[in-house]
Amino acid sequence: MEREAINDLDLDKVVGGSIIFNADLTTCGRKNNHEYKVLNYSAVDKYIKENCTKMPEKQMMSNMVAAGLLAKL
């Protein structure tokens, strides 16, 4: 595989972090993928993408529980 220079515009599309989902996207967590039940995956996905650069994962998880997108298991 040939090396390529990284395009700075492509870096803006990268979303990462420590929130882990199980294979069927019904549960997730920060330490393991069975800490929270996912009640609305599309809303959770959107929330994470919109806020991943603005707040830590722990705060995002708390906010999503408060908003009714996740439920603590």
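This is a predicted model: local features need pLDDT of at least 70, side-chain atom pairs count only at pLDDT 80 or more; totals for chains, interfaces and linings use all residues.
Me: How many bridges join E1 to E2?

Reply: E1 and E2 run antiparallel. Pairing takes at least two bridges. The number joining E1 to E2 is two.

Me: Which residue in E2 is the bridge partner of Phe21?

Reply: E1 covers residues 20-21, and E2 covers 27-29. The partner of Phe21 sits in E2. That partner is Cys28.

Me: What pattern does the protein follow along the sequence?

Reply: The protein has three helices and four strands. Read along the sequence, they give α-β-β-β-α-α-β.

Me: Where is confidence lowest in the protein?

Reply: The average pLDDT is 86, and 82% of the residues score at least 70. Strand E3 (residues 36-38) has the highest confidence, at 97. The lowest, at a mean of 63, belongs to helix H1 (residues 8-11).

Me: Is Leu25 buried, partly exposed or exposed?

Reply: Leu25 lies in the loop between E1 and E2. Its relative accessibility is 32%. Buried needs under 20% and exposed over 50%, so at 32% Leu25 counts as partly exposed.

Me: What is the phi of Leu25?

Reply: Most residues other than glycine have a negative phi. Leu25 is not a glycine, yet its phi is positive. The value is about 60°.

Me: Why does Glu35 have no salt bridge to Lys72?

Reply: Glu35 is buried, and Lys72 is the nearest side chain of opposite charge. A salt bridge must fall within 4 Å. Glu35 therefore has none, because Lys72 is beyond that cut-off, at 4.5 Å.

Me: Which backbone nitrogen does the side chain of Glu35 reach?

Reply: Glu35 is found in the loop between E2 and E3. Its side chain comes to 2.8 Å from a backbone nitrogen. That nitrogen belongs to Lys31.

Me: Which residues is Glu35 in contact with, leaving aside neighbours within four places in sequence?

Reply: Some belong to E2, which spans 27-29, including Cys28 and Gly29.

Definitions and conventions: Residues are numbered from 1 along each chain as its sequence is written. Side-chain values use heavy atoms; hydrogens and water are left out. pLDDT is the predictor's confidence in each residue, from 0 to 100. Buried means under 20% relative accessible area, exposed over 50%, partly exposed in between (1.4 Å probe, protein chains only). Lys and Arg count as positive and Asp and Glu as negative; His and the chain ends are not counted. A polar contact is a pair of N or O atoms within 3.5 Å; within protein, one must be able to donate a hydrogen and the other to accept it, and residues adjacent in sequence count only if both atoms are side-chain atoms. Contact means heavy atoms within 4.5 Å.
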